[in-house]
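Student: I have a model open and want to go through it. Can we start with a ligand and then move on to the domains?

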Amino acid sequence: MCRIGAIKSKEFFHPSAALHLMLPQQEGHDNSGFAMVMQDMAGVFSKYKDKPLLSLACTQKGAKLVEDYMEANDFRQLAEWIPRGVKNVKLDIKAMPYYIFRNYDYPEYYRDASEEAKGELLLDTRLALRELLEKQEQGYVYSFWPDVLTLKEIGDPWDIATYFKLWDNNGDLMAKNVVVQCRQNTNYDIVRYAAHPFFLQGYTLCANGENTFYTKNKEYQKSLHRGYIGFESDSQNFLYTLHYVLQELKWPIKYYKHVITPLPFNELSLRSDGAELRAIRQSLGSLEINGPNTVIGMLPNGNIITCCDSKKLRPVVVGGDGTMVAIASEVCGLNAILPHRNQEQDVYPNEREVVIINDALEVERWKQ
Amino acid sequence: METIKTQDVTVNDLPWKIECKPDRCTMCGSCVAACTFQAIMPAVERRSITVSTGHRPEPSQKHSAVLMIKQRNSIENACTGCGMCEKICPNQAIKPVRNPDSRFSLLARKGGSPIKRGGRTSLNSGRTLDNIIVGRISQMTDPALDSERHTFDILAPFGRVLMPHELPLSAVNGTLNLTAKLPPVNWIYPIIFSDMSIGALSTRAWEAVALATAYLNEKHNMPVRMSSGEGGMPVKLLESEQLKYMILQIASGHFGWNRIVKAIPKMKVDPAGVLIKIGQGAKPGDGGLLPAAKVADHVQAIRGVPKADLMSPPNHQGLYSIEESVQKMFLSMNAAFKFRVPVAIKCAASATSVSVYNNLLRDPYRICGGFFLDGIQGGTGAANEISLDHTGHPVVSKTRECYLSAVKQGRQGQIPLWAGGGIGLTGNAAADAFKVICLGANGVFLGKILIQLLGCVGNEHGRCNACNTGKCPAGICTQDPRLVERLDIDKGAQNIVEYMLALDSELRKLMAPIGNSSLPVGRSDALVTTDQAIAEKLAIQYVC
Ligand code: SF4
Ligand code: SF4
């Protein structure tokens with residue numbers, strides 16, 4: 001079982017907090033992947049919050065390929081953070097030669113384009129870069145979006161943090177929202193892309209568990225959107241469904257849960273909105289998930305959300321202290337970063353519940 | 001001695017031979033009375049016995065005339081192996097024995113007429129489904145569910161499903177509201193009692209199935225639906241609450257629709273659906289056939305026809321394209337019930353099934369509410385033997401192809417796929433249904449297994465299969481009132497109910513280990529096969 005977590009804070013914090021959230025839960029992961037997505041950044045990127053930020057890991061040749069592509073497509077580089085890895089053979093990390101985190105300016109002719117058009121351009125650019133790097137086996141690109149940074153690596157989270165000097169808080173990297181995962185790769189070969197969280201056009205998501213409807217979900221999603229590719233992990237399905245429901249269908253957030261874990265038909269018939277929910281269930285039956293899961297997601301507006309499978313077969317807990325709220329698979333994670341919080345106010349969402357935390361750190365919960 | 005010809009038929013030419021033990025037979029005559037085919041008769045035989053009673057052999061010969069049971073050596077009265085004589089004999093004196101030397105197929109086309117028989121294909125029974133195993137079992141990472149304690153949602157759609165972006169939903173204050181009517185969709189149990197008409201079945205047999213349907217719905221909360229078959233239904237049922245469990249069938253003969261149409265204004269509830277039959281698995285490309293022998297008075301009344309062979313044409317006259325079908329049949333059928341009742345079509349599986357399905361999927365009116373594919377092992381009733389054994393298409397790969405074709409277009413689930421024809425052939429309908437569902441069907445339809453539960457003794461090895469003769473020894477496929485009496489409606493219905501209850505828990509027993517609480521439609525990853533060719537064709541995992 002993967003361990004997952006998220007932190008949302010009123011104040012900027014250093015990503016080491018996310019590592020402290022995850023390390024006590026380490027028993028559950030096998031170092032086959034560690035990843036985090038930060039949103040709402042300070043530090044080196046603070047001046048360019050509205051400019052897209054590219055996150056990738058690559059070889060030297062890959063870096064050149066990317067540079068050439070971006071130049072050819074009129075993206076102008078604005079800022080860059082290239083971590084110089086701590087070279088130490090004892091570290092458990094399968095590092096790539098280059099990690100590039102770089103802000104670009106939109107091409108001239110996109111300056112006045114709508115947000116939507118920009119979003120499409122960023123997605124297309126990421127997909128093109130991914131294809132370019134993949135074809136020549138020169139690297140991996142994780143996200144390309146304003147104010148969002150993705151770091152993925154294979155190895156021990158502690159060593160990964162050492163390698164990226166994430167233990168020393170020098171103010172370079174700061175964020176208000178972080179979603180993080182340590183991977184327990186039970187199923188397949190270790191694939192760098194497979195480490196959660198996954199990101200698509202402002203939507204970030206990680207999940208722990210097994211999606212027994214993976215094949216069904218994938219077969220459907222493949223034809224829904226050009227961005228629904230990869231399928232390196234069965235939890236990628238959750239992200240694509242989140243994106244589809246909110247971004248493509250433009251449905252309110254509460255319907256996400258109704259899509260992934262629809263109410264049984266006999267319960268639907270008792271509800272005043274039964275007709276709508278039934279219509280949704282029958283049209284989107286292929287996006288239902290089955291199997292044990294906890295989902296943690298982050299929306300474009302920075303809200304953090306969590307919910308579980310319909311049998312509540314995977315744990316999750318939410319706790320906070322007024323300045324910071326965190327979600328984790330296990331309570332030991334919360335204890336590590338929020339030892340002084342009032343534990344009695346911790347929330348253990350149930351199988352029908354959705355929890356959302358907004359920028360004011362108000363915790364909204366509702367039953368599906 | 002009579003003159004004989006070498007071409008004369010002997011008992012050894014027939015598919016079944018009667019073995020009667022004279023030392024056990026008391027000549028009660030029960031077997032002769034029970035045999036609906038008059039395959040046996042009492043006869044007198046001249047016997048010569050040599051006896052010697054003294055201390056020394058002093059043989060003397062005695063001639064006597066004895067009564068015995070004799071099998072007729074006639075094609076018309078060939079024993080079907082039904083075993084009724086054996087069942088009724090108080091002394092276990094008689095039984096049919098399969099005759100490996102039968103020359104029946106050479107002799108039975110007398111008069112230039114094709115052999116007809118009841119609906120079981122005797123060839124083509126190498127089943128794909130038996131080579132498929134549910135192989136993906138949840139263990140630790142994805143715990144299996146508890147089939148007894150967890151809740152399962154075992155329902156399948158009947159009706160046209162819209163694509164999500166086509167749903168007429170508008171958001172007001174964070175809530176979606178439907179702003180227009182959707183095509184009707186009924187969520188029903190994923191097993192439909194397939195269309196076996198009144199006429200093909202005896203009224204009692206039909207009633208037993210209808211009774212079982214109502215009982216499953218009302219006492220066990222299992223929304224099983226039953227298809228009427230071609231030929232209509234009793235008006236009483238049309239005007240009753242129970243109509244909601246029925247799917248009305250219209251086939252190319254349009255038999256019985258007069259009464260249905262007339263009953264519409266008096267219907268208290270809507271039927272569960274309308275099923276337009278284009279073709280059937282037993283005799284694809286052939287219409288329906290109800291031999292005159294089975295057109296009893298009540299059948300004439302329901303269908304409004306004289307006593308004659310009732311043949312439905314092989315196609316719906318006047319419809320020459322799928323588009324036309326959509327316009328004429330679907331629209332009229334949909335309109336008949338004011339667009340509240342889903343309308344589906346049933347075709348025999350064939351090489352072109354996928355094209356038909358694609359056409360229906362892309363139909364801009366979106367009014368086809370289900371695609372029923374009937375495979376080669378499907379069908380009861382009467383058919384020409386040549387059609388039964390030598391035409392048709394296995395249903396499994398066609399169902400899979402249809403599903404995958406829909407997947408390619410992102411339209412899976414829009415027109416629910418239902419598969420039939422041999423489901424439950426080996427007695428395990430739950431396993432068959434489960435596997436076909438994993439391959440992409442939404443549900444299955446069952447026919448023969450129901451009549452077997454009513455007491456049919458026919459099988460795929462040529463036993464009985466006399467459903468076309470009007471002499472069904474079990475009272476199922478006959479209209480002869482004395483034979484119909486043989487069927488106990490309540491017992492028959494009870495058998496079906498009990499089987500279905502077992503099937504329901506068996507489905508859970510299959511869903512729980514793969515960790516699914518709703519139907520695993522398209523979960524082909526749950527299946528494996530030990531046959532490489534099947535793995536390739538169905539795109540499932542090969543294992544050995
Ligand atoms: S097995 Fe059936 S058909 Fe044959 S003799 Fe007995 S009752 Fe008649
Ligand atoms: S028992 Fe009746 S229904 Fe069964 S095969 Fe014989 S004739 Fe047909």
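Tutor: Ligand 2 is surrounded by Arg120(B), Cys456(B), Val457(B), Gly458(B), Cys464(B), Asn465(B), Ala466(B), Cys467(B), Cys472(B), Pro473(B) and Cys477(B). Keep in mind that this is a predicted model.

Student: How many nonpolar, polar and charged residues are in the shell around ligand 2?

Tutor: Eight residues of that shell are nonpolar, two are polar and one is charged.

Student: OK, domains now. How is chain B divided?

Tutor: Domain 1 of chain B covers 11-113, and domain 2 is made of 131-162 + 186-515 + 526-542. Their C-alpha centres lie 41 Å apart.

Student: And how many residues of domain 1 of chain B are in contact with domain 2 of chain B?

Tutor: On the domain 1 side of chain B there are 12, in contact with 14 residues of domain 2 of chain B. The area buried between these two domains is about 990 Å², and carbon and sulfur atoms give 54% of that.

Student: Which residues of domain 1 of chain B lose the most area to domain 2 of chain B?

Tutor: Thr36(B), Phe37(B) and Met84(B), which together make up 42% of what the domain 1 side buries.

Student: Which helices of domain 1 of chain B supply at least two residues each to the side that touches domain 2 of chain B?

Tutor: α1 (30-34) and α2 (84-88) of chain B. By class, that side of domain 1 of chain B has six nonpolar, four polar and two charged residues.

How values were computed: Residues numbered from 1 in each chain as written. Chains lettered and ligands numbered in written order. Predicted model: local features only at pLDDT ≥ 70, side-chain atom pairs only at ≥ 80, totals over all residues. Heavy atoms only, no water. Near = heavy atom within 4 Å. Nonpolar A, V, L, I, M, F, W, Y, C, P; charged D, E, K, R; others polar. Domains from an automatic or database assignment. Contact = heavy atoms within 4.5 Å. Buried area = accessible area lost by both parts, 1.4 Å probe. Helix = DSSP H or I, 4+ residues; strand = E, 2+ residues; numbered from the N terminus.
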